[in-house]
Amino acid sequence: MALSVFDLFSVGIGPSSSHTVGPMRAARMFARRLKNEGLLAHTAAVRAELFGSLGATGHGHGTPKAVLLGLEGHAPDTVDVDRADEEVARIRASGRLRLLAAEIGDAHPIPFDPDADLVLHRREALPYHANGMRLAAADAAGEPLLTRTYYSVGGGFVVDEEAIGADRIRLDDTRLPHPFRTGDELLRLTRETGLSVSALMLRNETAWRSEAEVRAELLRIWAVMRACVARGLDREGILPGGLRVRRRAATSARRLRAEGNPADAALEWVTLYAMAVNEENAAGGRVVTAPTNGAAGIIPAVLMYYMDFVPGADEEGVVRFLLAAGAVGMLFKENASISGAEVGCQGEVGSACSMAAAALTEVLGGTPEQVENAAEIGIEHNLGLTCDPVGGLVQIPCIERNGMAAVKAITAARMALRGDGRHHVSLDKAIRTMKQTGADMSVKYKETARGGLAVNVVEC
């Protein structure tokens with residue numbers, strides 16, 4: 001199985017990679033399958049059912065909206081985020097859904113009542129994964145045409161029922177120059193080749209694209225991240241969803257500038273960068289899944305720290321940063337999980353903190369051993385972190401949590417750089433521990449909004 005750095009970093013829409021990006025992709029896959037199998041013209045009705053965490057927190061995470069947009073053919077990386085709410089309002093007002101209209105142009109409208117035809121099962125789960133959804137199409141006589149079950153397994157990844165019993169990620173049999181599945185294997189390869197972590201990753205990426213294309217695409221990802229930070233630092237107001245959470249990044253940034261950027265301002269800016277991204281995410285804006293939307297602010301914030309506060313920072317460093325972060329993200333994806341619904345927030349914020357710590361260590365001149373050490377520190381001190389979103393919204397504690405983890409990633413990198421790479425707990429052992437901790441964690445702490453802060457904070 002081969003994973004690309006672009007499987008970890010993809011452009012999408014907020015507020016959740018597993019609850020918004022994944023379901024939108026799954027719904028679009030279903031609509032495209034109807035077309036490819038010649039069933040679209042015969043389709044007169046569609047029913048969507050959301051299970052597990054998707055059903056429990058779907059409204060707060062924008063899942064119904066994502067499913068409707070996906071059925072109409074929209075993709076997370078290209079949907080117009082400024083018009084998405086208008087599109088959903090049109091469907092509700094007209095009672096009609098235009099299957100695959102965004103893709104094929106000549107729409108195939110069918111009657112659709114979002115309240116009756118899109119069902120959220122709040123306490124029922126499907127067997128394979130906590131984020132399950134079932135889509136069914138029928139003809140005018142009510143006869144079934146196609147029924148598919150999909151699972152959104154974190155970071156926007158989607159598998160369908162045909163993959164049950166197989167690996168959670170679609171198998172890619174691309175032969176990589178330097179394949180690795182564990183941190184120990186990665187370190188061994190760097191010793192054998194003399195390559196840094198990012199250089200080794202770059203060689204693997206050329207199995208799919210030219211080196212120039214890899215660099216260009218990574219810089220495009222960075223441009224989207226940077227634009228998201230800029231929007232978040234500029235916009236004020238109340239976030240959607242009913243909690244009436246006020247955006248704070250823009251106001252705080254304005255005050256920080258007025259103070260003349262005191263000596264300790266670097267870490268304050270890092271916190272604001274992360275919060276800016278996650279406020280945009282909570283508002284349904286354009287973000288980069290890194291490796292999830294709930295943790296989307298951490299890697300951009302630490303990368304902004306590198307660009308703004310590290311002398312000599314340049315675009316080559318950006319490329320190396322994202323490659324090194326991707327290498328660590330793959331280890332979490334392959335050996336544990338990046339899904340809050342599966343292992344709690346340690347799989348989202350924890351993995352992103354680990355990735356950012358490793359990446360910063362890489363661009364600050366750390367050895368592969370120091371990079372691995374930084375990644376281990378980043379996850380070790382997020383072990384057991386629960387996913388307990390108040391109101392099912394990706395706002396409290398998610399926005400602040402990204403700011404805290406971004407600062408923690410910088411601290412982890414600095415700690416690793418002060419050492420020689422030798423340490424007692426390996427990254428592999430820490431990832432294994434995260435997986436075991438997630439398995440032991442009560443389901444109420446796994447993105448169901450049935451435990452922790454989600455039940456101890458009065459919604460206003």
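This is a predicted model: local features need pLDDT of at least 70, side-chain atom pairs count only at pLDDT 80 or more; totals for chains, interfaces and linings use all residues.
**Entry 1**

I began at P291, which I found in the loop between β9 (286–289) and α13 (298–309).

What is the peptide bond from A290 to P291, cis or trans? That bond is cis, with omega near -5 degrees. I then looked up P15, in the loop between β1 (10–13) and α2 (17–36).

**Entry 2: positive phi values**

Next I checked L100, in the loop between β3 (96–99) and α6 (101–104). Its phi is near 60 degrees, a positive value in a residue other than glycine. Is L100 buried or exposed? L100 counts as buried because its relative accessibility is 0%; buried means under 20% relative accessible area, exposed over 50%, and partly exposed in between, with a 1.4 Å probe and protein chains only.

R244 also has a positive phi near 60 degrees without being glycine, and sits in the loop between α10 (211–232) and α11 (249–258). R244 has 60% relative accessibility, so it counts as exposed.

**Entry 3: the open sheet**

I turned to the sheet and traced five strands in the order β5-β2-β6-β7-β8, with mixed pairing. Two strands pair if DSSP finds at least two bridges between them. At the edges I found β5 (118–120) and β8 (157–160), each pairing on one side only. On average, neighbouring strands are turned by 20 degrees against each other, direction ignored; axes are lines fitted to C-alpha atoms, for helices over the stretch in contact, and angles run from 0 to 180 degrees between N-to-C directions.

How many bridges join β2 to β6? I found seven, between residues 45–51 and residues 131–138, and the two strands run antiparallel. In this pair, R47 stands opposite A136. Helix α3 (residues 52–61) packs on the sheet and touches β2, β5 and β6, its direction making about 100 degrees with that of β2. Contact means heavy atoms within 4.5 Å.

**Entry 4: the hairpin**

I followed β7 (residues 144–154) into β8: four bridges join them, and they run antiparallel. G154 has F157 as its bridge partner. The two strands form a hairpin with two residues between them, and G155 in the turn has a positive phi of about 70 degrees. In a regular strand the side chains alternate between the two faces of the sheet. In β8, F157 and V159 point one way and V158 and D160 the other, and all are buried.

**Entry 5: a pocket**

Last, I looked at the lining of the second largest pocket, which has 29 residues, with K65, D85, P240, A283 and G284 nearest its centre. A pocket is an open set of points on a 1 Å grid over the protein atoms alone, where a 1.4 Å probe fits, with protein on both sides within 12 Å along at least five of seven lines; lining residues have an atom within 4 Å of a point. Elements giving two or more residues to this lining are α3, α4 (63–71), α5 (84–94) and α12 (265–282). Which element gives the largest share? That is α5, with four residues.

Key:
Residues are numbered from 1 along each chain as its sequence is written. Side-chain values use heavy atoms; hydrogens and water are left out.
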